[in-house]
Amino acid sequence: MGQPAASRGRAATPTLGKAMLNKYARAFFTRVLTPFAAFLIRRGVSPDTVTLLGTAGVVAGALVFYPRGELFWGTIVITLFVFSDLVDGNMARQLGRSSRWGAFLDSTLDRVADSAIFGGFALWYAGGGDDNVLCAVSIFCLASGQVVSYTKARGESIGLPVAVNGLVERAERLVISLVAAGLAGFHKTFGVPGIEILLPIALWIVAVGSVVTLIQRVVTVRRESAEADAAAEDSPSATTSPDNASRSSEATP
């Protein structure tokens, strides 16, 4: 699912593993998993391979279990593969590697994992869950999550810091959804009554929070771009219009 930023060569961004494991638990599991990471290195396994396998596990947990309504077991499988966040990062640190490719792979596969999770929810509500409204909300969460991530990446690609902590960013979206899904799964798996309502509530929270976060980022980029344009106009050495420079770099990722 992704390596810690320091070892993979990108700016610090919360990942699913980091969000689900607090500071002290992460340190504990890092120590526990270090021998396993060293073992994989001796066997010739690369951090990228672990990243790929971790993502595959998350995708399988989401698209095999969630569409069947097995919310509890799907969340358990996803959570187990979250530990790849710690293993591949540990391996990268031991190898002393920091690469743009690793950062790119990490970020790209994060988007794949996110899509699988919310896609799994959508398939459940389109099928056995029998709720078209919640199916639409799940799809909206999937799409808005991708757009929220894109706004930051696009802003940074034109030289803006996009210095804003949104209300519901990737870590929050996933933790809220997965915790709710796991608890809601107690209804079908263990017969706990009434708890299945937690997932619909979580999806609505994520949907609304994503809209707020998108607005926050768009407003921030608008302000930062205006400030950058004004600074460039005041600079006597400016030879290229920032507006033209930014537009010339536009490309669909």
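Here is a short chat about the salt bridges and the cavity in this predicted model.

Colleague: Before we start, what should I keep in mind about the model?

Modeller: It is predicted, so local features need pLDDT of at least 70 and side-chain atom pairs count only at pLDDT 80 or more, while totals for chains, interfaces and linings use all residues. Residues are numbered from 1 along each chain as its sequence is written, and side-chain values use heavy atoms, with hydrogens and water left out.

Colleague: How many salt bridges does the structure hold?

Modeller: The general idea first: side chains of opposite charge can pair when their charged atoms come close. Here, a salt bridge is a side-chain nitrogen of Lys or Arg within 4 Å of a carboxyl oxygen of Asp or Glu. The structure holds seven of them.

Colleague: Which residue does Glu-70 meet in a salt bridge?

Modeller: Lys-188, at 3.7 Å from N to O. Glu-70 sits in the loop between helix H4 (47-65) and helix H5 (71-82), and Lys-188 in helix H9 (residues 170-190), so the pair links distant parts of the chain, 118 residues apart. Helices here are DSSP runs (H or I, at least four residues), numbered from the N terminus.

Colleague: How do I read burial for residues like these?

Modeller: Buried means under 20% relative accessible area, exposed over 50%, and partly exposed in between (1.4 Å probe, protein chains only). Glu-70 is partly exposed at 22%, and Lys-188 is partly exposed at 47%.

Colleague: Which residues are linked with Arg-170 in a network of salt bridges?

Modeller: Asp-110, Arg-111 and Asp-114. Arg-170 meets Asp-110 at 3.7 Å, N to O. That pair ties helix H9 to helix H7 (residues 100-126), 60 residues apart. Arg-170 also bridges to Asp-114, with the closest N and O atoms 2.8 Å apart; this pair again joins H9 and H7, 56 residues apart. Arg-170 and Asp-110 are both buried, and Asp-114 is buried too.

Colleague: Which residues line the largest cavity?

Modeller: Asp-114, Phe-118, Cys-141, Leu-142, Gly-145, Gln-146 and Arg-173. Helix H8 (132-157) gives the largest share, four residues.

Notes:
Helices (H or I, at least four residues) and strands (E, at least two) are DSSP runs, numbered from the N terminus. On a 1 Å grid over the protein atoms alone, a cavity is a set of points where a 1.4 Å probe fits but cannot get out, and a pocket is an open set with protein on both sides within 12 Å along at least five of seven lines; lining residues have an atom within 4 Å of a point.
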